[in-house]
Amino acid sequence: HAVFRKGAVDASFKAKSENNQSSQPAPSQSPSGAMQESWSGPMQGGTCPAAAAYVNAIRSCGTDSSAALDILNEMSRNLGGRDMFAVSTALSVCGKSGDWQQAMALFNSIPEADRDLVSYHTALSALQRSGRGIEAQHLLMRMQLLTVDGIV
């Protein structure tokens with residue numbers, strides 16, 4: 001599988017995105033190391049060409065969750081946010097690697113209103129692959145409660 005380093009996505013995408021960025025606060029890390037950022041701006045509602053390049057770079061990480069998360073964080077810095085395609089792809093890489101704790105930290109960093117069926121399914125798959133049945137049941141119950149309320 002391909003190996004990516006920080007800065008692996010073409011610099012021309014970065015230049016284009018910097019010209020289109022709104023004045024958003026930069027993402028910051030919480031004491032636990034989880035990314036805390038705004039989900040509004042150029043990433044919400046669709047994937048721009050630069051974001052698609054990041055999604056492909058994340059997908060190519062295979063089972064290297066550390067590389068996938070580095071690319072996701074690079075996307076946040078360079079594009080001023082991240083979209084659900086990129087987050088769900090990184091969740092999938094974490095699940096395939098067996099890193100269920102990182103997958104759940106990433107899932108939990110998504111504002112509840114922005115979680116969709118794909119993100120729930122990918123988080124559930126990550127838990128299932130790691131043999132975390134109880135955690136998967138708890139997440140499924142949370143999802144069912146939201147479905148009853150008409151949110152998901």
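Which helix does Ser109 lie in? Select residues 100-109 and you have the answer: Ser109 belongs to helix H5. Keep in mind as you click around that this is a predicted model.

**Stop 1: Ser109.** Now bring up Arg82: the side chains of Ser109 and Arg82 make a polar contact at 2.9 Å. Next, display the backbone of Leu106, whose oxygen is reached by the Ser109 side chain at 2.6 Å.

**Stop 2: Ser119.** Move on to helix H6, residues 117-129, where Ser119 is found. Ser119 is buried, at a relative accessible area of 0%. Its side chain reaches the backbone oxygen of Asp116 at 2.8 Å. Hide the neighbours within four places in sequence, and Ser119 is still in contact with Met84, Ser88, Leu91, Phe107 and Ile110.

**Stop 3: H2 against H4.** Select residues 49-59 for H2 and 84-97 for H4; the two helix axes come within 9 Å and cross at roughly 5°. Angles under 35 degrees count as roughly parallel, so H2 is roughly parallel to H4. To see who meets whom, show Val55, Ile58 and Arg59 on the H2 side, then Phe85, Ala86, Thr89, Ala90 and Val93 on the H4 side. Colour that contact by residue type and you get 6 nonpolar, 1 polar and 1 charged.

Note on methods:
Residues are numbered from 1 along each chain as its sequence is written. This is a predicted model: local features need pLDDT of at least 70, side-chain atom pairs count only at pLDDT 80 or more; totals for chains, interfaces and linings use all residues. Side-chain values use heavy atoms; hydrogens and water are left out. Helices (H or I, at least four residues) and strands (E, at least two) are DSSP runs, numbered from the N terminus. Buried means under 20% relative accessible area, exposed over 50%, partly exposed in between (1.4 Å probe, protein chains only). A polar contact is a pair of N or O atoms within 3.5 Å; within protein, one must be able to donate a hydrogen and the other to accept it, and residues adjacent in sequence count only if both atoms are side-chain atoms. Contact means heavy atoms within 4.5 Å. Axes are lines fitted to C-alpha atoms, for helices over the stretch in contact, and angles run from 0 to 180 degrees between N-to-C directions. Angles under 35 degrees count as roughly parallel, over 145 as roughly antiparallel, 65 to 115 as roughly perpendicular and the rest as oblique. Ala, Val, Leu, Ile, Met, Phe, Trp, Tyr, Cys and Pro count as nonpolar, Asp, Glu, Lys and Arg as charged, and the others, Gly among them, as polar.
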